[in-house]
Amino acid sequence: MDEGQTPEIEIAEGADVVTVTLGGAWTLADVTRLDADLRALPSDRPLGVDMAAVTRLDTATAWALSTLKSRVDAAGQSLEIKGAGPGAASLLQTVGEAIPIPSDPAEPPFRMSNILADLGEVVAGALSFLLALLGYFGLFLISLFRALRHPRDFPVTALVHHCEQVGLKAVPIVSLMAFLIGVVLAFQGATQLRQFGAEVFVVDLIAISILRELGILLTAIIVAGRTASAFTAAIGSMKMREEIDAMQTLGIDPAMSLFLPRILALIIMLPILGLIANLMGLIGGCVMAWVELQISPAMFSTRLVDGTDISHVIVGMVKAPVFAVIIGVVGCHAGMQVKSNAESLGRRTSAAVVTAIFSVIVADALFSIFFAQIGM
Amino acid sequence: MGAEGRDIVVSIRGLRNQFGSQVVHEDLDLDIYRGEILGVVGGSGTGKSVLLRTIVGLIRPAEGQVTVLGDDVLAETHDPGDEVEGRWGVMFQDGALFSSLTVRENVEVPMRTVEGLDPDIRRQLADLKISMVGLPYFAGDKYPSELSGGMRKRAGLARALALDPQIVFLDEPTAGLDPIGAADFDTLIRGLSRALGLTVFLVTHDLDTLHAVCDRIAVLADRKVLVTGTMEEMLTVDHPWVHEYFHGPRARAALEMRDAQSGLNGG
């Protein structure tokens with residue numbers, strides 16, 4: 001361990017030479033002071049630096065002395081460094097040679113057109129993103145048709161595995177969510193409808209809103225959060241470790257072995273999950289209607305069968321495969337965009353979740369308009 | 001081996017490392033002398049990296065004593081913050097740079113612990129370290145993911161050197177580099193070690209690095225440091241693994257190359 005010698009600096013301004021005498025241990029902690037002192041030196045006379053009493057010199061101090069030398073040289077004066085030991089001298093030389101010449105990149109000037117260009121870039125980026133998603137959907141369809149023509153290539157095991165991951169393991173969370181939504185709807189509906197003495201319509205309210213919209217939409221949102229991120233993370237980490245490149249060199253088509261089973265599993269499982277969500281939502285509503293409004297389950301089911309058209313269920317379930325494709329394609333596409341660093345994996349995963357949820361809601365809005373137009 | 005009078009900076013006594021039932025080190029002794037470049041070699045799984053991690057305090061051994069610069073790093077009273085005082089630097093295999101910071105910011109991270117250091121000077125010192133490890137000026141503005149493997153290693157070394165440590169630990173500095181890049185890195189380590197008076201602890205598989213850089217070699221085998229000594233001394237050891245390692249075809253090629261080079265330089 002070095003003995004803690006305090007660094008000392010002494011400046012003697014002679015008539016024709018300025019002498020700086022350094023002593024003690026100079027380290028990084030003192031370089032700010034040293035640099036300020038050295039910058040304050042007069043530049044109209046030759047300089048001498050005496051380092052005979054220096055016990056320790058680090059690169060930071062050597063840097064301060066080397067920059068002093070370049071300043072003195074620029075001012076047309078001379079600098080003489082005396083008393084440096086062999087170690088200090090070699091350090092000074094190494095540092096002096098290593099001092100980088102900043103090649104400051106010219107800042108691009110600020111212009112209004114830059115903002116416009118940025119905006120254009122964002123729009124073009126969004127469009128090409130949509131095209132890329134469409135491309136992945138096409139890739140999925142091609143693999144699907146190929147799998148139909150060559151059933152032996154079809155990855156059945158992977159499909160079953162993903163069905164379990166995507167569907168079966170999501171059943172508890174989806175059921176609980178739908179049950180609670182049913183409860184909330186019944187409770188809120190009851191409070192409002194009681195004012196008009198129209199409590200019994202709470203059954204219609206629950207049935208239509210859950211069967212038509214909420215059951216499948218909320219299921220899709222939960223699945224988007226769970227599954228789109230899982231797809232991106234799984235495919236992305238394979239991309240990161242060059243596993244996908246390895247697949248391609250081995251003649252395995254990533255679309256066939258990775259995308260097809262995942263997206264197909266979603267298409268199969270999302271309607272089932274939606275059906276479970278519908279059922280649980282109705283049960284939740286039924287329980288709450290019974291507790292809050294004394295509508296018995298028998299009355300609830302009679303009212304449900306009489307008052308709710310089957311078309312509501314159809315309208316709800318038709319959306320499921322579309323949502324499934326959106327979630328699957330977004331997740332797989334984002335996974336393939338992962339670069340070779342872990343940071344991009346995290347960024348892509350969260351982007352995939354946001355994109356999937358957003359797209360599902362946009363698609364749902366489009367469906368609403370569509371069904372309103374055709375009068376369903 | 002004729003080094004009794006030298007200043008010992010790292011001393012390891014009776015080290016025992018164990019993961020579950022698997023004993024990696026048992027009764028391991030090793031000394032590192034001031035100013036030397038010590039190369040640690042050993043087969044895969046002999047615990048070279050584990051030894052490095054133990055010395056820098058990332059792994060707590062089951063038994064033993066590790067003294068670095070007169071300080072018992074395993075003592076309960078030992079404050080891990082002490083290391084930040086710039087007494088050692090570690091370069092991990094792939095640089096282990098913080099991915100959310102640029103190279104310059106990475107090098108500045110250890111310097112931020114120094115009180116009263118002017119941010120502008122800190123920046124310039126970081127640029128100096130980046131230049132000293134042989135990176136171009138513009139590399140400072142890049143993020144680690146934008147650099148090649150060799151450049152990341154150099155940037156990792158720049159960060160390890162940020163506080164002018166007395167000891168640097170390098171984990172496989174030339175692994176994954178092309179022969180020219182590896183040779184450059186060897187020269188860099190040698191040059192920096194001489195210019196800055198560094199003590200270097202180097203884990204490597206690279207026989208060329210051992211020839212070109214190391215003053216002394218420690219061979220890890222049978223859960224301990226089997227033998228230490230210079231390259232010439234290694235060639236006379238007749239332990240089967242050591243013999244195989246230093247007399248294998250790759251070792252002969254590296255030796256011939258070195259002889260040819262010293263012949264050119266000497267003659």
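At roughly what angle do the axes of helix α6 (residues 171-194) of chain A and helix α7 (residues 202-240) of chain A cross? The views below take up this point and others in a predicted model.

**View 1. Helices α6 and α7 of chain A cross at roughly 145 degrees.** The two axes come within 10 Å. The crossing of α6(A) past α7(A) is right-handed. From α6(A), the contact takes in I173(A), V174(A), M177(A), A178(A), I181(A), G182(A), L185(A), A186(A), G189(A), A190(A) and L193(A). From α7(A) come V202(A), L205(A), I206(A), S209(A), I210(A), L214(A), G215(A), L218(A), T219(A) and I222(A). By class, 16 of these residues are nonpolar and five are polar. No charged residue takes part in the contact of α6(A) with α7(A).

**View 2. Chain A has two domains.** Domain 1 covers residues 8-98, and domain 2 covers residues 127-374. The C-alpha centres of these two domains of chain A are 70 Å apart.

**View 3. Chain A meets chain B.** On the chain A side, 23 residues are in contact with chain B. Chain B brings 25 residues to the contact. Three helices of chain A, α1 (31-39), α2 (59-74) and α3 (86-98), each supply at least two residues of the chain A side. The largest share comes from α3(A), with six residues. The side of chain A that touches chain B has 13 nonpolar and seven polar residues. Another three are charged.

**View 4. L128(B) touches residues of chain A.** L128(B) is part of helix α3 (residues 119-132) of chain B. Is L128(B) buried or exposed? L128(B) is buried, because 21 other C-beta atoms lie within 10 Å. Neighbours within four places in sequence aside, L128(B) is in contact with T59(A), W63(A), V95(A), A98(A), I99(A) and P100(A). L207(B) is 79 residues from L128(B) along the chain. The C-alpha atoms of L128(B) and L207(B) are separated by 31 Å.

**View 5. Nonpolar cores include one of 101 residues and another of 67.** In the largest core, of 101 residues, the members that touch the most others are L38(B), V40(B), V168(B), F169(B), V200(B), F201(B) and L202(B). Which residues does F169(B) touch, not counting residues up to four places away in sequence? They are L52(B), I55(B), V56(B), W88(B), V90(B), M91(B) and F201(B). The core of 67 residues lies apart from the largest one. Among its members are V166(A), L211(A), A220(A) and M280(A).

**View 6. V54(A) is a buried residue of a strand.** V54(A) sits in strand β3 (residues 47-57) of chain A. V54(A) counts as buried because it has 22 C-beta neighbours inside 10 Å. The C-alpha atoms of V54(A) and G24(A) are 4.8 Å apart. Along the chain, 30 residues separate V54(A) from G24(A). Leaving aside neighbours within four places in sequence, V54(A) is in contact with L22(A), G23(A), G24(A), W26(A) and A88(A).

**View 7. A212(B) is a buried residue of a helix.** A212(B) belongs to helix α6 (residues 207-213) of chain B. A212(B) is buried because 20 other C-beta atoms lie within 10 Å, and the cut-off for burial is 20 or more. A254(B) is 42 residues from A212(B) along the chain. The C-alpha atoms of A212(B) and A254(B) are separated by 9.4 Å.

**View 8. Q294(A) and D222(B) have positive phi.** Phi of Q294(A) is near 55 degrees, and Q294(A) is not a glycine. Q294(A) is in the loop between α9 (254-293) and α10 (297-307) of chain A. Q294(A) is exposed, because 9 other C-beta atoms lie within 10 Å. In chain B, D222(B) has a phi of about 50 degrees, again in a residue that is not a glycine. The loop between β9 (216-221) and β10 (224-229) of chain B holds D222(B). D222(B) is exposed because 12 other C-beta atoms lie within 10 Å, and a residue counts as exposed at 12 or fewer.

Conventions:
Residues are numbered from 1 along each chain as its sequence is written. Chains are lettered from A and ligands numbered from 1 in the order in which they are written. This is a predicted model: local features need pLDDT of at least 70, side-chain atom pairs count only at pLDDT 80 or more; totals for chains, interfaces and linings use all residues. Two residues are in contact if their C-beta atoms, placed from the backbone, lie within 7 Å. Helices (H or I, at least four residues) and strands (E, at least two) are DSSP runs, numbered from the N terminus. Ala, Val, Leu, Ile, Met, Phe, Trp, Tyr, Cys and Pro count as nonpolar, Asp, Glu, Lys and Arg as charged, and the others, Gly among them, as polar. Domain bounds come from an automatic or database domain assignment. Axes are lines fitted to C-alpha atoms, for helices over the stretch in contact, and angles run from 0 to 180 degrees between N-to-C directions. A crossing is left-handed if the near helix is turned anticlockwise from the far one by less than a right angle, and right-handed if clockwise. A nonpolar core is a set of buried Ala, Val, Leu, Ile, Met, Phe, Trp, Tyr and Cys residues joined through C-beta atoms within 7 Å.
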